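Trainee: Can we walk through this model together? I'd like to start with one residue and then move on to the ligands.

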Amino acid sequence: MSVMLVTGGAGFIGSNFIRSWIAETGQAIVNLDKLTYAGNLENLQGLRNDPRHNFVKGDIADRELVGKLLSRYQPDAIVHFAAESHVDRSILGPEDFITTNIIGTFRMLEATRAYWESLATDKKGKFRFLHVSTDEVYGSLEAEDEPFTESTPYAPNSPYAASKAASDHLVRSYYSTYGLPTITTNCSNNYGPYQFPEKLIPLVIVNAIKGKSLPIYGDGLNVRDWLYVADHCSAIRTVLARGRVGETYNIGGDSEKNNLEVVHTVCAVLDELHPDSPVIPHAKLIKFVKDRSGHDRRYAIDASKVKRDLGWVPQQSFADGIRETVKWYLDHLDWVAQVQSGEYRKWIDINYGGRQLI
Ligand code: NAD
Ligand code: DAU
């Protein structure tokens with residue numbers, strides 16, 4: 001029976017991926033996650049007693065542990081999600097990003113190389129190391145620029161983006177130097193169920209429900225391309241099944257929006273679905289606050305390669321995806337309360353306390 005090792009599977013995208021992988025394929029997963037503030041086993045509650053989900057609490061930078069897991073479970077593929085993922089945290093404290101995203105990925109690659117080299121020829125040929133990366137490695141676009149393609153030069157602007165760029169380069173080098181069968185995906189902004197409410201969309205939903213202000217950095221006209229998380233998961237399954245080793249694939253939703261449009265859309269859906277909020281209309285809660293340092297102006301993805309070569313297309317429109325997402329948060333207020341722990345409240349004070357209104 002096929003087994004896959006997933007890293008960071010207790011986080012937002014990883015947990016959505018594991019659920020959909022087991023539902024679609026019935027195959028078993030070993031989930032290695034350190035359970036940082038962003039990792040939460042409640043995200044996988046439905047799999048608690050499912051023998052196809054084997055959870056291991058541990059660090060990707062623990063080379064010995066990763067080596068032992070690979071020898072024991074003999075996976076056919078690794079999908080590497082584990083990372084520090086929030087840009088604002090990387091600005092206030094970059095060190096964890098270097099340790100996990102760069103050194104952690106390096107140790108994963110080293111352990112994987114030793115394992116892969118020990119495999120029999122047939123299994124060796126089928127093995128894949130899929131590295132989940134971001135469009136932020138390409139830097140910032142102006143309004144008139146063409147979207148990022150796989151050959152856009154890297155120009156990361158935040159410590160987060162720089163650490164992901166470094167990990168992408170390491171992955172590339174393990175293919176070129178050692179022939180390790182790696183593939184990298186560079187995806188745009190995800191949204192959907194189980195996203196930790198430090199990122200824009202879930203933060204706005206959980207604040208609005210409580211009548212708290214909705215902080216918009218700068219003029220609110222920074223543009224992101226938004227992709228529903230289930231579509232990202234289907235893209236990863238497609239790339240695993242049909243992607244060419246040594247290649248990179250851009251994944252995006254063809255859904256560019258500026259932050260004000262995103263927040264107004266969330267507010268309008270909440271006005272309809274949650275008319276009992278303390279403040280209606282919810283858009284009255286919008287507040288412009290001091291900008292993020294080095295704030296990238298625009299990201300846009302040209303995903304024509306994965307569409308043309310592998311036949312992947314996103315299924316969910318932004319309007320429907322946002323509606324589903326708002327509904328999910330309204331139906332899971334217990335999950336929201338659980339993740340808004342002491343650590344979360346500390347982060348909100350650190351990031352927003354010193355951000356005067358503009
Ligand atoms: P997340 O922050 O929600 O989850 C990260 C997970 O990794 C958590 O479960 C955490 O406990 C785990 N983790 C962190 N450090 C670890 C370590 N040293 N060892 C083991 N586990 C560790 O992140 P996410 O939003 O789900 O993103 C997952 C991946 O996708 C990241 O690599 C990110 O760069 C990439 N990505 C995210 C987006 C997005 O919009 N969220 C878009 C493109 C790419
Ligand atoms: O592009 C892919 C990336 O998308 C991923 O690699 C990252 O892991 C993920 O966090 C995300 O990065 P962003 O910085 O784009 O996401 P975030 O939700 O933090 O911010 C989205 C936009 O909203 C950005 O322009 C900053 C703005 N923003 C964010 C927050 C948290 C605000 O205006 N106010 C806020 O309070």
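Mentor: Leu 69 sits in helix α2 (residues 63-73). Helices (H or I, at least four residues) and strands (E, at least two) are DSSP runs, numbered from the N terminus. This is a predicted model, where local features need pLDDT of at least 70, side-chain atom pairs count only at pLDDT 80 or more, and totals for chains, interfaces and linings use all residues. Residues are numbered from 1 along each chain as its sequence is written, chains are lettered from A and ligands numbered from 1 in the order in which they are written, and side-chain values use heavy atoms, with hydrogens and water left out.

Trainee: Is Leu 69 buried or exposed?

Mentor: Leu 69 counts as buried, at 8% relative accessibility. Buried means under 20% relative accessible area, exposed over 50%, and partly exposed in between (1.4 Å probe, protein chains only).

Trainee: What does Leu 69 touch, leaving out residues up to four places away in sequence?

Mentor: Leu 32, Val 56 and Gln 74. Contact means heavy atoms within 4.5 Å.

Trainee: And how far is Leu 69 from Ala 111?

Mentor: They are 9.7 Å apart in space, C-alpha to C-alpha, and 42 residues apart in sequence.

Trainee: On to ligand 1. Which residues are closest?

Mentor: Ile 13, Asp 33, Ser 85, Tyr 160 and Lys 164 are the closest of the 28 residues that surround ligand 1. A residue is near a molecule or strand if one of its heavy atoms lies within 4 Å of it.

Trainee: Which polar side-chain atoms lie by an oxygen atom of ligand 1?

Mentor: Asp 33 has one at 2.6 Å from a ligand 1 oxygen. Lys 164 has one at 2.7 Å from an oxygen of ligand 1. The protein covers 96% of the 840 Å² of accessible area that ligand 1 has on its own. Accessible areas come from the Shrake-Rupley method with a 1.4 Å probe; for residues, only the protein chains shown count as cover.

Trainee: Which element gives the largest share of the shell around ligand 1?

Mentor: β5, with three residues. The elements that give two or more residues to that shell are α1 (12-25), β5 (128-134), α6 (159-178) and β7 (189-191).

Trainee: You mentioned β5. What about His 131?

Mentor: His 131 is in strand β5. At 0% relative accessibility, His 131 counts as buried. Leaving aside neighbours within four places in sequence, its contacts include His 80, Thr 105, Lys 164 and Asp 168.

Trainee: And α1, where does Asn 16 come in?

Mentor: Asn 16 lies in helix α1. Asn 16 is buried, at a relative accessible area of 12%. Its side chain makes a polar contact with the side chain of Arg 19, at 3.2 Å. A polar contact is a pair of N or O atoms within 3.5 Å; within protein, one must be able to donate a hydrogen and the other to accept it, and residues adjacent in sequence count only if both atoms are side-chain atoms.

Trainee: Now ligand 2. Which residues come nearest?

Mentor: Asp 135, Tyr 160, Arg 292, His 295 and Tyr 352, out of 25 residues around ligand 2.

Trainee: Which element gives the most to the shell around ligand 2?

Mentor: β8 does, with three residues. α3 (87-92), α7 (200-209) and β8 (214-217) each supply at least two.

Trainee: Last topic, α9. Which residues are buried?

Mentor: Asn 259, Leu 260, Val 262, Val 263, Val 266, Cys 267, Val 269 and Leu 270. What covers them includes α7, β8 and α11.

Trainee: And what happens at the start of α9?

Mentor: There, a side-chain oxygen of Asn 258 reaches to within 3.0 Å of the backbone nitrogen of Leu 260.
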